[in-house]
Amino acid sequence: MQTQTVKIVVTGPFNAGKTEFIRSVSEIDVVSTEKRISATAEKIKESTTVAMDFGRITVDNDLVLFLFGTPGQKRFDFMWEILSEGMLGFIVMVDSTRPETFREARSILETFKAYAPTPYLVTANKQDLYDAWDTEDMRLALRLDPSVKILPCEATKKSSVKRVLLELLYGILKEMDDNEARQNNQEDEIS
Amino acid sequence: MALKGNLKDFSFIQLLNLVNLANKSGALYVERPGESARVLFHNGKLEYFESSNEKPELLRSLKDQKLITAYQHTLLKERLEGFSDREAGIYLVNAGYATLDQVTTALEEDYAKKFRALFDWNEGLFRFEAGELLPENKIPVHLNLENLIVEGARELQEIEELKAEIPSLDMAIKFTDRPGTDIRNICFSPTEWQVISYVNPRNTIQQIATATKLDEIEIRRVVFTLLQAGLVEIIRPGGVPLAIPGKNLPVRNPEENRSLVKRLIDRIRSI
Ligand SMILES: Nc1nc2c(ncn2[C@@H]2O[C@H](COP(=O)(O)OP(=O)(O)OP(=O)(O)O)[C@@H](O)[C@H]2O)c(=O)[nH]1
Ligand SMILES: [Mg+2]
């Protein structure tokens, strides 16, 4: 039997911690297309993702989960749609210490929602830092609907990343159940 | 945990919106070179305001709000020398100068007037200290923020900013499910009411603009105001699409899909 592959996309603004997140759980060294940053405006760190990050978690002989990280910088957003093709769900990472990126996070979220109506959640990353905003404050600032999950996260910690991935998968499972219940209802109404 | 940043990244109106929606209690400090202010909130309502330019003073507020005359102000100032605001307030009420309601209303109007100056701050550090209480000697007011937010949002003139907030007019707006916002308490303009009457998941913002004869900047300004008042949210037209998990799975059988997700869950648990 052929190996099945499924994919989860990790997106969010520049420097949110996407590469770090994938690195924390991937069983292979993250295949990163990082580049040293030259433009001074964005030089708050040494390197940035330019095409994508690529991590992998093997489930068994027949099933592999890929984690794709998108580039955060706007000028690489032509990659987003390509990466979102066929995704099982997505995660929007936000740096909790940088309110100046919240608006962009909101727009990235809208864009990805438009690509595919798959389940998603938002992570308030870098919660270990003193300047981090509370998740509930971020929910309001990001104008997230009460039904959207926003989880505190430390991308540098494996346990935290695991929790986020699990929550997303639980969400996916729940959507499956809800959809099926809805379909059954419709069939009942027709018959 | 921290609620801080710079007003150039997170505007004053957005901050108020946050305090209002989260019913926050505490003190908001803002500062820029040569100027600072402190605003106290209680359960999302403005309770007290002071700035480095404006130390609030009960008698002056009452005079500015024409509750006492300039002459009375001079006399009372002498008589109430050394009284705290709270003590002075009690004296004035007992002596029949004003009712407690009148005193509070005058203070509210005075705070609101001075407070509006902060709307123009495009830059400056802010931080919110949760739980900070009103000093004992002050008179608390309970000013609803919604009207102030609406006023502030209306004043947003920056076209670039409006475009960034509302990039696409092909989106629709719907009323939020959030309990607590009572639309009747907010003073909307006739144009805003007109737009409100078209709010429906099926109407795109562009369609509303056409119906109300607003240009693309005007409609953005109104939608931004409604957004900040916490009244509406932006959605894709036709309502929110249902999530379709499984569509992207390699197999189509619901049972198999579910088992696949469960396998993923088990695997990640074991990491
Ligand atoms: N303290 C702390 N630092 C973090 C955390 N997550 C990421 N970082 C740091 O934040 C910086 C940015 O992380 P990256 O993973 O490169 O961010 P990115 O989202 O991939 O960035 P781009 O690809 O440039 O958009 C790095 O220095 C990380 O080490 C966290 O949870 N806590
Ligand atoms: Mg990266």
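## Helices α1 and α6 of chain B

In this predicted model, helix α1 of chain B (residues 12-21) packs against helix α6 of chain B (residues 146-154), with the two axes 10 Å apart and an angle of about 155° between them. Anything over 145 degrees counts as roughly antiparallel, so that is the label for α1(B) and α6(B). Their crossing is left-handed.

Who does the touching? On the α1(B) side the contact is made by B:Ile13, B:Leu16, B:Asn17 and B:Asn20, and on the α6(B) side by B:Glu146, B:Leu148, B:Ile149, B:Gly152 and B:Ala153. Sorted by class, that gives 5 nonpolar, 3 polar and 1 charged residues.

## α6 meets α10

Helix α6(B) also has a contact with helix α10 of chain B, which covers residues 216-228. Here the axes come within 9 Å and cross at roughly 155°. With that angle, α6(B) and α10(B) are therefore roughly antiparallel too. As for handedness, the crossing of α6(B) and α10(B) is right-handed, whereas that of α1(B) and α6(B) is left-handed.

From α6(B), the residues in this contact are B:Ile149, B:Val150, B:Ala153 and B:Arg154, and they meet B:Arg221, B:Phe224, B:Thr225 and B:Gln228 of α10(B). The set divides into 4 nonpolar, 2 polar and 2 charged residues.

## α8 across α10

Helix α8 of chain B (residues 190-197) packs on α10(B) at an angle of about 80°, and their axes are 10 Å apart. Are these two roughly parallel or roughly perpendicular? Angles of 65 to 115 degrees count as roughly perpendicular, so α8(B) and α10(B) get that description.

On α8(B), the contact uses B:Thr191, B:Glu192, B:Val195 and B:Ile196; on α10(B), it uses B:Ile219, B:Val222, B:Thr225 and B:Leu226. The class count comes to 5 nonpolar, 2 polar and 1 charged residues.

## Where chains A and B meet

Now for the interface between the chains. Chain A puts 51 residues into the contact and chain B puts in 44. Together they bury about 4500 Å², with 62% of that on carbon and sulfur atoms. Which three residues of chain A supply more of its buried area than any other three? They are A:Arg103, A:Trp133 and A:Arg143, and they account for 13% of the area that chain A buries against chain B.

There's charge pairing as well: 9 salt bridges are counted between chain A and chain B. One salt bridge joins the side chains of B:Arg263 and A:Asp60, at 3.2 Å from N to O.

## Two loop residues in chain A

A couple of backbone angles are worth a look. A:Lys126 isn't a glycine, yet it has a positive phi of about 65°. You'll find A:Lys126 in the loop between β6 (120-125) and α4 (135-141) of chain A.

A:Arg143, also not a glycine, has a positive phi of about 55°. Its place is in the loop that runs between α4 and β7 (150-152) of chain A. A:Arg143 is also one of the three residues named above for the area that chain A buries against chain B.

Key
Residues numbered from 1 in each chain as written. Chains lettered and ligands numbered in written order. Predicted model: local features only at pLDDT ≥ 70, side-chain atom pairs only at ≥ 80, totals over all residues. Heavy atoms only, no water. Axes fitted to C-alpha atoms, helices over the stretch in contact; angles between N-to-C directions. Helix = DSSP H or I, 4+ residues; strand = E, 2+ residues; numbered from the N terminus. Parallel < 35°, antiparallel > 145°, perpendicular 65-115°, else oblique. Left-handed = near helix turned anticlockwise from the far one by under 90°. Contact = heavy atoms within 4.5 Å. Nonpolar A, V, L, I, M, F, W, Y, C, P; charged D, E, K, R; others polar. Buried area = accessible area lost by both parts, 1.4 Å probe. Salt bridge = Lys/Arg side-chain N within 4 Å of Asp/Glu carboxyl O.
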